[in-house]
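Colleague: I would like to learn how to read a few features from a structure. Can we take them one at a time?

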Amino acid sequence: MELSKALRISPGQIVAFVGAGGKSASIRRLVEELTPKTPVLITTTTKLALNQIDLAVQHIILRSKEDVNLFPALLQEQSSVLVTGERLSEEPKWTAPAEDLVGDLLPKAAASGAVVLIEADGARGCSLKAPAEHEPVIPPFVDLVVPVMGLDAIGTELEGDLVYRPEQVRALLGIKKDQIIQPADAARILAHGNGSLKSVPSSAKVRVILNKAETQKTVEHGREIAELILKTDRIGAVILTQARQADPVVEVHGRIAGIVLAGGGSRRFGRPKLLEILNGEALIQRSVRAAREAGLDPIVVVLGADGSAVREALDNLAVQITNNPDWAEGQSSSVCAGLKMLAPNIEGAVFLLADMPLVDAELVSTLVETQRRSLAPIVAPWNGERWGNPVLFDRATFGALSRIRGDQGGRAIFEKYSIEAVHWGQSAMLDIDTPDDLDTIRGM
């Protein structure tokens with residue numbers, strides 16, 4: 001998977017990178033992925049090593065308004081341009097361009113359709129840091145901030161070679177000099193308002209890169225950190241990477257919601273079927289349990305025809321309930337009602353049908369884990385002949401889902417997006433429409 005896909009970068013965005021352990025490598029990878037189709041402007045708001053002029057095809061030292069006026073025409077001629085200030089005399093680095101010139105140039109470049117990539121602090125090649133008082137320098141108009149950390153710092157000494165300014169880390173976390181860095185320590189830095197979230201504009205989205213996920217151990221550390229920092233609403237997703245590799249993304253961790261569609265009228269069943277008991281549980285409770293045990297959060301239950309009775313069966317369960325007064329118009333109205341309940345930081349949603357009692361947490365988890373590795377727009381069970389349920393929809397499909405009408409669900413948009421198949425058996429195919437269907441499942 002390309003890093004630009006995992007970061008959800010599109011033309012016209014301004015992206016700032018902060019932290020340590022892979023900022024430059026990530027920027028380099030993005031330039032290779034985006035160009036020549038999308039022009040890229042790279043710059044710094046602090047300093048940049050002299051040897052990084054090879055990040056772009058052309059290097060411009062921005063000295064005046066006249067230089068700013070070279071853009072966006074220059075970006076149409078060159079696929080990538082690095083913009084800096086003058087060379088420092090006391091160390092081998094380029095300075096940042098003047099703030100007023102940056103304020104003119106970057107929005108202008110983005111408006112022309114370029115992607116702007118900013119290195120907003122330094123780390124001297126280390127893998128973990130906490131910001132000093134003067135950093136990071138993030139322009140207020142950025143669209144996305146990407147905190148970066150190298151997973152090779154986990155398990156090493158705070159005062160070792162992989163931690164930049166260990167005294168800042170020590171002060172932020174309140175730990176001792178001889179501390180061995182643990183995943184929880186890294187998570188605290190990444191989710192702290194004076195750590196990796198320092199100076200992030202309120203309007204900017206945040207997606208974290210955990211780089212150097214090169215062994216099973218570092219991947220496991222990355223997963224642990226991701227679980228911890230996704231408890232912070234401000235962080236949208238966590239991306240485990242090997243930024244120097246041609247296929248850099250290992251996994252993408254984001255908040256995946258569960259939407260249980262429970263609004264049907266049970267017309268063929270003759271009574272509220274979702275209250276029927278199977279192995280000691282009502283059908284609606286089984287669906288909620290599958291979502292909960294798979295780690296979906298939040299879990300939204302969309303009620304309709306039998307709303308009051310089904311609501312009682314959900315008492316004491318950690319779910320969000322919404323009533324769909326338009327349930328008779330078809331499943332699409334329940335899909336839309338569920339989507340309206342989701343917060344902006346939700347990365348995807350698994351839609352579960354409450355009348356499919358054989359769907360379990362293993363299937364739901366497999367859908368989520370598959371999508372982490374591909375960020376496919378749609379992930380669905382497949383038995384070799386037809387698609388089953390539940391189905392995971394990436395947030396990129398939410399707009400199309402919200403426009404479907406009538407008695408059709410998410411399959412109405414299957415032809416518009418690529419679908420990743422998870423091969424599964426009959427549990428993903430069997431639903432209950434009649435009492436005979438329920439008796440069949442009870443006898444299995």
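Modeller: Start with F351, which is buried at a relative accessible area of 6%. Buried means under 20% relative accessible area, exposed means over 50%, and partly exposed lies in between (1.4 Å probe, protein chains only). A word on the source: this is a predicted model, where local features need pLDDT of at least 70, side-chain atom pairs count only at pLDDT 80 or more, and totals for chains, interfaces and linings use all residues. Residues are numbered from 1 along each chain as its sequence is written, and side-chain values use heavy atoms, without hydrogens and water.

Colleague: How is a pair of aromatic rings described?

Modeller: By the distance of the centres and the angle of the planes. Rings of Phe, Tyr and Trp (its six-membered ring) pair if their centres lie within 6.5 Å; planes under 30 degrees apart are stacked, over 60 edge-to-face, and the rest tilted. The whole structure holds 4 aromatic pairs.

Colleague: Which strands do F351 and F393 lie in?

Modeller: F351 is in strand β18 (residues 346-353) and F393 in strand β20 (residues 391-394), so the pair ties together parts 42 residues apart in sequence. Strands (E, at least two residues) and helices (H or I, at least four) are DSSP runs, numbered from the N terminus. F393 is buried too, with a relative accessible area of 3%.

Colleague: What kind of pair do W382 and W387 form?

Modeller: A tilted one, with 4.7 Å centre to centre and 55° between the planes. W382 is partly exposed at 22%. W387 is also partly exposed, at 24%. Together, F351, W382, W387, F393 and F414 make one aromatic cluster.

Colleague: Which residues touch the most other members of the largest nonpolar core?

Modeller: First, the idea: a nonpolar core is a set of buried Ala, Val, Leu, Ile, Met, Phe, Trp, Tyr and Cys residues joined through side-chain atoms within 4.5 Å. Here the largest has 57 residues, and L41, M149, L210, I225 and V238 touch the most other members. Helix α5 (residues 99-111) gives the most to this core, with 6 residues. Apart from it lies another core of 56 residues, including A349 and M429.

Colleague: Is S374 buried or exposed?

Modeller: Buried, at 17%. S374 lies in helix α12 (residues 361-374). Its side chain joins that of E420 in a polar contact of 2.6 Å. A polar contact is a pair of N or O atoms within 3.5 Å; within protein, one must be able to donate a hydrogen and the other to accept it, and residues adjacent in sequence count only if both atoms are side-chain atoms.
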